[in-house]
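Thanks for coming. I will go through one structure chain by chain, starting with confidence. Please have a look at it first.

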Amino acid sequence: MRPENYQAVKLGDSNEYEIFIGPNHPGIEGNYAFRLMLDGDIVVSGKADAGYLHRGFEKLMEGRLWIQNLAIVPRICVPDPAPMEVAYSMAVEEIMGIEAPIRAQWIRTMQLELSRVAAHLFTFGGHAATTGMYTPMFWGVADRDLVLDLFEDFTGGRVYSIYNIPGGVRRELPPEFLQKLSNLLDYLESRQNDYDNLLFTNQVFVERAKGCGALTQSQALELSVTGPNLRACGLAYDVRRDDPYLVYDELEFDIPRQKHGDAYSRILVRRDELFQSIRILRQIIERLPSIKGKIRTPIPNPLSWNVRKGEAYARVESSKGELAYYVVSDGGDKPYRVHVRGPSSMHAVQTLEFLAKGARLEDVAQIMFSLDACPPEVDR
Amino acid sequence: MNKVQIDEILNKVNGIKITHKRKTRIRVDVDADSLPTLLELIKGRASYIHLSAITCVDWIADNQFELVYHVWSYEEKCLISAHTRIDRGSEKNPAKYISVYDLFKPADFFERDIFEMYGVTFIGSPRMEKFILTEWNGVPPMLKDFDAEAYVQETFKWTDYNPDWLQELTDQGGGIAVKPEDIRTAGNTHNMSTHRERDKAKAAAVKANDKMQGWKQ
Amino acid sequence: MSKHKEGHSKSYEKLKSKTTLKEILDVAVSFEKTARDFYTAMIPKVSKNIRYIVEELAEEEQQHYDLFLSLKNDPYVQTQLDERIKTPTENHKFSDYVQLLDLGDNPDDQTILQYALAREDAAMKQYQDLADNAPEGELQDTFRFLAIEEAEHKLELEKKYYEIIHSGGPGN
Amino acid sequence: MKKINYNDKGSILNPLKNLQFYARKPVTEPLGPRDASASYRGFHINDLNKCIGCSSCQKICDNAAITMVEVPSIKEDAAKGLRNLRPAIDYGRCCWCALCVDICPTSAIEMTREYVHTCDGDETDSYFIFPKETGIHGDSFEKGWTKTEDSDLLDRIRRPMGEMLSEARIDNFDEIVDGFTLEMAVQEASRCVDCGLCEDACPAHMHAPNYIRSIYEGNLEQAVEWMYETNPFSHVCGRVCTHICETACSLGHGEGESDPIAIRWLKRFAMDNVSKTKIKQIARKGKARKKSGKSIAVVGAGPAGLTAAFDLVKKGHKVTVYESLPKAGGMTRYGIPNYRLPEDRLDQDIEVIQSVGVDIKYNVKVGTDISMAQLYKDNHAVVMAIGLQMGRSTRIKGSDHKMVVKAVDLLRMIPKGDKVNVPKSAVVIGGGNVAMDIARSMARLQQQKYGEVNITLTALEQLGKTFLADDEEVKESLEEGISILDARGPKQCVIKNNKLVGLETVKVISIFDAQGRFAPKYDEEDLQFHQADMVIEAIGQMSDVSILGEELTEELEWNRGRIQIDENGHTSVEWLWSAGDMVKGPDVINAVADGHRVAKDIDRFLNK
């Protein structure tokens, strides 16, 4: 709702009052509002208010050629755009009955993990900021930028790579790229202590985060919570492992988890995941050079490309959780229907409303950010 | 649980059509009345507790909505997509269907989304109200008969640029020939006629034809 | 058309006997003149669709006629008119074509062109020889000039010949 | 990796450890933009000379950011496939996805590493740019995202076309080319970018992009419907068209190996795979219900005449076509051998045309059997479309011998079933397709009669340079054992005690003059003798305009040997139109186009 259209709720003789936070506030990456009914500084109830980033992507995609959609899908999640491209491409490939060449699949995996690293670095900063600490924010964003440099290097775009295409990826890796990547990984690992000292083992932060927005495993399952948020409740579930895609079944990695399901558990899971991603990337650096061959399975000229009738549900594990694309083709040159199932649509609405209940106002922002929700995944 | 066992459970729903697309994907088609039963069954008996998504597809030609329930089992590591079709309804009496909120809490979000974007009312769903487009009063925008591009064209005004280079070209008798909108009429990029309708091209073609008179002479 | 014939053979006789430059030029002029008259006379006789060929030929000969005339009246040439020149012996080229072969009542385009070609060829060769026999200097240059004139004319005709005869092209 | 235990309290002092940062070397980033990466998707550049204005970039642009603007200073040439349209980009819409770069058939549009542009609210015009060799700000930056083999979105290789091997085809007149299978046709069709350059180039403006799209979608009837909008000779053109459309095709303009779409073979495929009855229904579409009461006579049942007749009948007029020969088709029947155009295909085209209501009178020679004056008396308008059916002779010495014959006359005899005198050895004079046709036809007859081929073809033109015949014609002739002697000019037909023994040729030194006019130069010294029992002249054709009769010939205006017509084919005589080879030179599709033009004009004339 546009703020100017917002009417403060008048209540009778009760001490409860409503406040409207957002659409811009430290609690969220993007624009998203939250209406809180408060008693003192205790939240009685909260109501998510979305729509500030609604661009009608699903509608748009029905009006564009199959290939044209590649340019808009990444925009559905700014901090972690790569999984969008990959999931869309995978869905179209499944309908067409083709597969990306093995080398392309390795490159895609690399892109996904790099994207995850960037997204988590971003979240550290954001989460810390909700507790009033701004240095981690500067660090996170600065280090993320180093990852973006690599994206620019091999995809030609810093944030929106538009690097995938049904059938593979658009470009070979530039020379020396894997070396650059491995240097970056060295650097990121060297930063671990700094981050630990400043954030993860910083008593001020630990105290604020522990017990904040705690979720039990059964509650999480009931609310279809996925990704790090679910793993923070002790369930080691990860699409990469349980519904394998690309080449994840050839890679070694652990699935970090915590038991308490609170904000602290969530950020710890993310911290550990970051290093798991680095571990995966190291394996890719090792294997990729020996994987030769093409990077694209040819598709017809996109201007006259009718994808055969069919539907596919492609799922990937984004940095936020289970991301899925449901694509339907009626045999035409445009998708008949594309449904984007963003993990945040589960986290930022019902889960958030559930967790906000009974929380203190000062914690609301942290609860929000600890769920690492991405509003455009709700709005689409 | 192997293929046979799951089929056994699914087959308890009469008139069900089962397609094993691949190891982790099962497609089932049921009629609207038996869908809730099916979901209850696979949730209770086969551990499909994770509602991944509910999708609505507008098959306007058939005057039907297709509802697809994507449910995942953490134990089976398998996704069942349950497809069903309901009547598309009309502006006077909009499409209705039963909510599955009591089975899956997240249905709240998905059903509200479909209500908002397609106008399908889910009976028993807690919040059949606007959420994303709180200030939109038009038809549900995801309906196939809502032409977003046309709406944009008549609602918003495009900035007309007139840079110097364009001015020069226009003075030379050139200038804007084919606007992007021209080839996107009715959202159709396959507008075969654009080139044919260009008088310019026609003239050029005549020229070519005259040239042809001297063909191989 | 016997009149032309006659006039022609007469001028040929002249050419053999007379050897002053004046006489040579006279013959040359009359050569072009009769040609012009010959083509002009032919115009109404040929079918309209190929008439343009004959018309153009007449037109070209007219130009040559004018040219030769102006040459004859050129002040310098005037001073040289009495210059004697050994006329080429064994010269049949002119004779072949000064004799007008009868092209029949309705000659087609190819016949006409072939005739015109041969005619120009002869004229060219004739001036060539005259030039070879003329003393060094302006006079010789004059004949060379005439030879080139005819040569160019012939070249033009050849092109026209190919364009018309090899027209229609090999086709599809 | 160091583990962190959830239960650790952490320490208030830990952050202080980062005081060590003071000991580290500070990171300094330069002010101003950094250099972008080597494949960066920055602002566009466009090589205006490579760009052909096909608009593929505009079609692929997912944000409708590209406007095609007309640049008058650039020369248009539809026959070559060149438009003077160039893309202009609205950076208020562009999202730098580089799809335009990856689809560009000629790799003209590319992206640089320039990425900074700022402006005030009142300078928004600066968002709309016309990319040239230099980018948005007119200064040149290093290239960023350019097309690579991997990123190229177009399928550049034509699907191969099967052919009968020379051994198999040399002793018969069976069609050589196999034609596409459905699968190959769909694949070939899928390569089309729908730029319409082919349509602009085609004299009849056939809607090639439309029927290619229909074929891609497997809707062959729809495809044939598109064809009949502009061409009732689709079977013929599907086989023997000169296909300038393929010269114009934007894919043919690509760098390196990049074949144009096989438009002609696709047309053939669609025609071959739709039933005759269906095609007849399609052809009838749009036929006027009521009669106009006007009648037109067409002289000559060739492509031009019959196309005109087809159109006029559909407009409700009564049309009678007069053909001097026993069958219709003109040169397509009596000039093109069966192995290139099987008779039954041609028969079908004509049957379809007749089924619409065109009445053809065979074996009627206008001029002798019926006069032009009579035709004029009986009709409201007359169309002359008699083609170029008379062969030219070199008229070299000896060319009047009875064993010196003209190609067109021989070619006419074969389909008529007349007895052809097949020589053991023959020399053909001429280097065009007609020369090839007769050489290859005679080769087949020789093979049938003597079991061996002995044909020599002498041409003024030089192989691979100035040669007139199509490359595949030359290639196939050589396969069939015909020896081609290029750059040889005929000198005389050698005759010993009035028997023809062969042809003598001289070397051709040059063929065009400085102005590019046809003017062969010979080296009379370089003589060659070619033994032959028959010499066939295929140097050119002319039209038998004598049938017009003295009077009409006089009345008509002429243009260098041809009837003078205006742009609609209307002659200087009010009731007479002329179309096809006789006024436009030999080419089927041109004749068809001409037919339409004339029909349109006559209809306009009759309705005034």
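**Confidence**

In chain C, the element with the lowest mean pLDDT is helix 1 (residues 2-17), at 46, and the element with the highest is helix 3 of chain C, at 83. For anyone new to the term, pLDDT is the predictor's confidence in each residue, from 0 to 100. Helices here are DSSP runs of H or I with at least four residues, strands are runs of E with at least two, and both are numbered from the N terminus.

This is a predicted model, in which local features need pLDDT of at least 70 and side-chain atom pairs count only at pLDDT 80 or more, while totals for chains, interfaces and linings use all residues. Residues are numbered from 1 along each chain as its sequence is written, and chains are lettered from A and ligands numbered from 1 in the order in which they are written.

Back to chain C. Its average pLDDT is 71, and 70% of the residues score at least 70. Residues 1-9 of chain C have a pLDDT below 50, and the model gives this stretch 10 contacts beyond near neighbours in sequence. Residues 168-172 of chain C are also below 50, with 33 contacts beyond near neighbours in sequence. A contact means that the C-beta atoms of two residues, placed from the backbone, lie within 7 Å.

Chain B has a mean pLDDT of 81, with 84% of its residues at 70 or more. Over residues 185-217 of chain B, pLDDT stays under 50, and the model has 58 contacts beyond four places in sequence for them. For the model as a whole, ipTM is 0.78 and pTM is 0.83.

**Chain A**

Chain A has 14 helices and eight strands. Its radius of gyration is 21 Å, close to the 21 Å that the globule rule gives for 380 residues, so chain A is as compact as a globular protein of that length. That radius is taken over C-alpha atoms, and the rule is 2.2 Å times the number of residues to the power 0.38. Along the principal axes, the C-alpha atoms of chain A fill a box of roughly 70 × 50 × 35 Å.

How much of chain A is buried? Of its 380 residues, 61% are buried. Buried means 20 or more other C-beta atoms within 10 Å of a residue's own, exposed means 12 or fewer, and partly exposed lies in between, with C-beta atoms placed from the backbone. Among contacts in chain A between residues at least 6 apart in sequence, 70% join residues at least 24 apart.

One residue to look at is A:Phe154, which is found in helix 4 (residues 135-155) of chain A. A:Phe154 is buried, with 24 other C-beta atoms within 10 Å. Leaving out residues up to four places away in sequence, A:Phe154 touches A:Leu173, A:Pro174 and A:Phe177. A:Gln111 is 43 residues from A:Phe154 in sequence, and their C-alpha atoms are 9.5 Å apart in space.

**A helix in chain B**

Next is helix 2 (residues 35-46) of chain B. Its 12 residues should span 16 Å at 1.5 Å a residue, and its end C-alpha atoms are 15 Å apart, which agrees. The expected span is 1.5 Å times one less than the number of residues.

The buried residues in helix 2 of chain B are B:Leu35, B:Leu38, B:Leu39, B:Ile42 and B:Ala46. They cover an arc of only 100° around the axis, which puts them on the same side of helix 2 of chain B. The arc is that of the directions from the helix axis to the C-beta atoms. What covers these residues includes helix 1 (3-10) and strand 2 (25-29) of chain B. Just after helix 2 of chain B, B:Ser47 takes a positive phi of about 65°.

**Chain D and its partners**

In helix 7 (residues 220-228) of chain D, seven of the nine residues are buried. Those buried residues pack against helix 6, helix 8 (234-240), helix 10 (263-272) and helix 11 (276-284) of chain D.

How many residues of chain D are in contact with chain A? There are 43, in contact with 40 residues of chain A. Helix 1 of chain D gives the largest share of that side of chain D, three residues. The side of chain D that touches chain A divides into 19 nonpolar, 11 polar and 13 charged residues. Nonpolar covers Ala, Val, Leu, Ile, Met, Phe, Trp, Tyr, Cys and Pro; charged covers Asp, Glu, Lys and Arg; the others, Gly among them, are polar.

The contact between chain C and chain D takes 22 residues from chain C and 31 residues from chain D. On the chain C side, helix 7 of chain C supplies the largest share, seven residues.
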